Amino acid sequence: MRVLLVKPEFKNVFTKLSLITTEPLELEYMSAICKRNGVEAAICDLTIAGPSLKQMLKRFKPDIVAMTANFVHIHAIRKYVKVIKNYNPAILTLVGGPHAEVKPEDFRFEGIDVIFHSGGFGPFEQILKADGRPDLTSIKGICYQKDGEWIHNEREAFDIASLPFPDRTHLYKNIRKYKYVTMKSCAILKTSYSCPHHCNYCFSTLLNGGQYLCRDPKNVVEEIKEIQCENIWIVDDTFYVDKKKLDAFIEGIKEEKIKKKFSLYFRADFIAANPDYMQKLSEIGVTMCAVGLEVIDDEVLEKYNKKSSVNIILRALEVLKECNITCIGLLMIDIDAPKSYFKRLYQFIKKHELYLSTISILTPMPGTQQYEIYKERIMTSDYRKWDFVHLTIEPTQMSKLVFYFNFYALYVKLAMLIVKNKVLSMKYLLSAVNASVTYWSEVMKGFGRKKG
């Protein structure tokens with residue numbers, strides 16, 4: 001039996017900036033599961049240069065095609081399913097990932113055979129053990145079609161301890177294509193699932209049924225020892241918050257004499273309250289830390305249930321600077337922000353030297369509390385617009401046109417700041433200007449169509 005594992009492509013004009021391209025970790029876990037069941041697998045990562053889906057189907061001749069999807073990928077999945085079934089209608093098509101986990105009903109369309117809504121990788125392995133001909137009624141955590149009707153089986157708990165180490169064969173063959181900001185050639189690592197916090201805008205708290213699970217630090221250190229890459233981005237929504245686990249991780253890295261560079265995520269409140277831990281992390285190779293600063297407005301932070309404040313944010317930035325850890329500020333423009341906020345945010349970024357910040361537009365994700373608050377104001381059902389750089393809600397303090405203009409102008413100003421301070425090259429600035437101009441053209445065409 002052969003299994004083709006597919007990571008969908010998604011393009012918007014800001015992907016042209018090419019700052020982040022991540023290895024397909026979820027598919028590498030699935031590849032490892034295939035190996036331990038004696039099943040041949042191949043990865044088709046359509047986010048990087050390589051064979052097309054059609055070419056991989058012809059070369060590999062799979063019995064099963066499994067795809068992973070976020071909200072922005074659903075249009076691509078529809079297209080891929082047609083390609084797969086046109087090539088061979090007998091291929092079993094599977095889809096999973098964050099979107100399928102939270103809103104499996106969105107994938108109930110022709111060509112999809114099985115949707116994974118819970119259980120992590122367990123239901124996938126059960127299908128493999130059945131040699132691709134499973135009794136779907138007996139597998140928890142899936143949806144499937146029977147007699148023209150979709151059946152939603154009961155939820156399955158995710159057994160994090162059952163995970164093998166990812167099969168990184170694909171990464172090593174394509175190592176130069178995967179990067180994270182200034183980390184050229186970068187592997188990614190996951191130590192936990194879901195999130196222990198409850199910000200009302202955050203999609204991650206919904207995953208794994210809202211159950212926060214952490215891997216054993218010893219197991220994580222063992223995996224890091226095996227990774228043949230100097231740079232590792234730990235992609236948990238927040239790194240270990242349990243200090244016993246954090247101590248075990250730090251000591252494990254020291255004991256094994258591991259010399260790598262790490263980037264990870266922490267909340268501002270943890271950083272502000274724990275400068276000693278941030279120093280220890282710096283000493284074992286943590287060079288970058290992404291922090292969900294979100295907004296520089298206490299009232300809005302309270303509205304988001306962020307459990308943070310501007311004073312906490314300022315202290316966290318001080319701690320990171322003292323520890324020589326670069327802060328990647330994850331910032332957001334609230335949909336009800338006044339026009340003056342764009343200028344305030346730029347001045348904040350400049351003052352605190354947050355040159356590697358990312359700026360998104362508030363986007364209420366389906367399933368979140370915030371979605372319920374804003375759902376009457378949502379103005380598009382096109383999931384391709386759920387990329388955090390499109391307006392999905394009508395702003396209240398300015399027109400959509402003015403909002404977009406200020407948003408793109410802010411990106412260009414930030415790019416100029418980045419290049420001026422020699423964080424990235426002039427090539428990045430040119431890409432940012434080109435992306436913003438292209439995006440602005442797209443917006444103007446949209447307005448033109450509406451007027452016409």
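Colleague: Which hand does the crossing of H2 and H3 have?

Modeller: A crossing is left-handed if the near helix is turned anticlockwise from the far one by less than a right angle, and right-handed if clockwise. Here, H2 and H3 cross in the right-handed sense. The contact (heavy atoms within 4.5 Å) involves Leu53, Lys54, Leu57 and Lys58 on H2, and Tyr80, Val83, Ile84 and Tyr87 on H3. Before we go on: this is a predicted model, where local features need pLDDT of at least 70 and side-chain atom pairs count only at pLDDT 80 or more, while totals for chains, interfaces and linings use all residues. Residues are numbered from 1 along each chain as its sequence is written, and side-chain values use heavy atoms, leaving out hydrogens and water.

Colleague: Thanks! At what angle do H2 and H3 pack?

Modeller: Axes are lines fitted to C-alpha atoms, for helices over the stretch in contact, and angles run from 0 to 180 degrees between N-to-C directions. Helix H2 (residues 53-60) and H3 pack at about 30°, with axes 10 Å apart. Angles under 35 degrees count as roughly parallel, over 145 as roughly antiparallel, 65 to 115 as roughly perpendicular and the rest as oblique. H2 and H3 are therefore roughly parallel to each other.

Colleague: What do S4, H3 and S5 make?

Modeller: Helices (H or I, at least four residues) and strands (E, at least two) are DSSP runs, numbered from the N terminus. A crossover is right-handed if, with the strands pointing away from the viewer, the path from the first strand over the helix to the second runs clockwise. S4, helix H3 (residues 74-87) and S5 form a right-handed β-α-β unit.

Colleague: And which strands pair with S4?

Modeller: Two strands pair if DSSP finds at least two bridges between them. Strand S1 (residues 2-7) pairs with S4 in the parallel sense over four bridges, and Leu4 has Val65 of S4 as its bridge partner. S4 also pairs in the parallel sense with strand S5 (residues 92-96), over five bridges. There, Val65 is partnered by Thr93 of S5.

Colleague: Is S4 covered or exposed, and which way do its residues point?

Modeller: Buried means under 20% relative accessible area, exposed over 50%, partly exposed in between (1.4 Å probe, protein chains only). Strand S4 (residues 64-68) is mostly covered, with five of its five residues buried. Ile64, Ala66 and Thr68 point one way, and Val65 and Met67 the other way.
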